[in-house]
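Please look over the model below before reading on.

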Amino acid sequence: MENKVKSIHEARAIFDLLGIKDVTKDWQSKQGTQVFELPFKTMYAGGQQEINRFSIYKSGYVRKMLVNKKGASWCCYQLNRVRKKEYFVKDYEFIGDTYETKWTGKYRKQHSNERIMIPNHEDRYIYLCNYILKNYYRKQTGASFYRVNDYQIKLMDMYRSEYWKNEKSNQLPFGDMVHPDSTPQDDVQVIINGHRYNLS
């Protein structure tokens, strides 16, 4: 089982170590919101790039922000855990062949999902740190995306342009990076306050 971050001090130390920046704006801070951005982008198989930006809110929400080409957040999705919720609604029946209905005097049970709020700021910070470690730094077996930074993107563009200049080449310039006989990359670990965290 992978170690989890358990304190805000560990979370802040990991954010500093990994270069995860606090990009909160003044107006967001006044509302009790804190925004973080990872030091790399996500590149999908189709070539799309995505800035990895996250927010924690005073209301208890933790969200992943969707960022447009101009760098502005335009949408988000919730990262909070989900629980089932039961509720009851009145049961109706049709009257004869008409579209009129009447209440049968009974209720029907239905279910829905609701997000579990995280009321404490430190708990939201810790929750986000563990989410990022699990989904963006540890092994991504079978993932349809790649985590790349701006420098890596520039290198790939450079290799691609050099490849097309050399028409005699019958191998991609970065083939060695994915060669089946290549040596597996070593695991990356950090130790904070005696706790070991696997990042690869």
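This is a predicted model: local features need pLDDT of at least 70, side-chain atom pairs count only at pLDDT 80 or more; totals for chains, interfaces and linings use all residues.

Residues are numbered from 1 along each chain as its sequence is written, and side-chain values use heavy atoms, with hydrogens and water left out.

**Helix α1**

- Helices (H or I, at least four residues) and strands (E, at least two) are DSSP runs, numbered from the N terminus.
- In helix α1, which spans residues 8-18, the buried residues are I8, E10, A11, I14, F15 and L18, where buried means under 20% relative accessible area, exposed over 50% and partly exposed in between, with a 1.4 Å probe and protein chains only.
- Seen down the axis of α1, these buried residues fall within an arc of 155 degrees, so they line one face of the helix; the arc is that of the directions from the helix axis to the C-beta atoms.
- The exposed residues H9 and D16 sit on the face of α1 turned away from its buried side, and just after the helix G19 takes a positive phi of about 75 degrees.

**Strand β4 and its partners**

- Six of the six residues of strand β4 (residues 62-67) are buried, with V62, K64 and L66 pointing one way and R63, M65 and V67 the other way.
- Strand β3 (residues 49-56) pairs with β4 in the antiparallel sense over four bridges, pairing being assigned if DSSP finds at least two bridges between two strands, and F54 has K64 as its bridge partner in β4.
- On its other pairing, β4 joins strand β5 (residues 73-78) in the antiparallel sense over five bridges, and the bridge partner of M65 in β5 is C76.

**Salt bridges**

- There are seven salt bridges, each defined as a side-chain nitrogen of Lys or Arg within 4 Å of a carboxyl oxygen of Asp or Glu.
- E50 and K64 form one of them, with their closest N and O atoms 3.2 Å apart.
- Because E50 lies in strand β3 and K64 in strand β4, this pair ties together parts that are 14 residues apart in sequence, and both residues are buried.
- E114 and R83 also meet in a salt bridge, at 2.9 Å from N to O, which links strand β7 (residues 101-115) with strand β6 (residues 82-94) across 31 residues.
- R83 counts as partly exposed at 42% relative accessibility, as does E114 at 25%.
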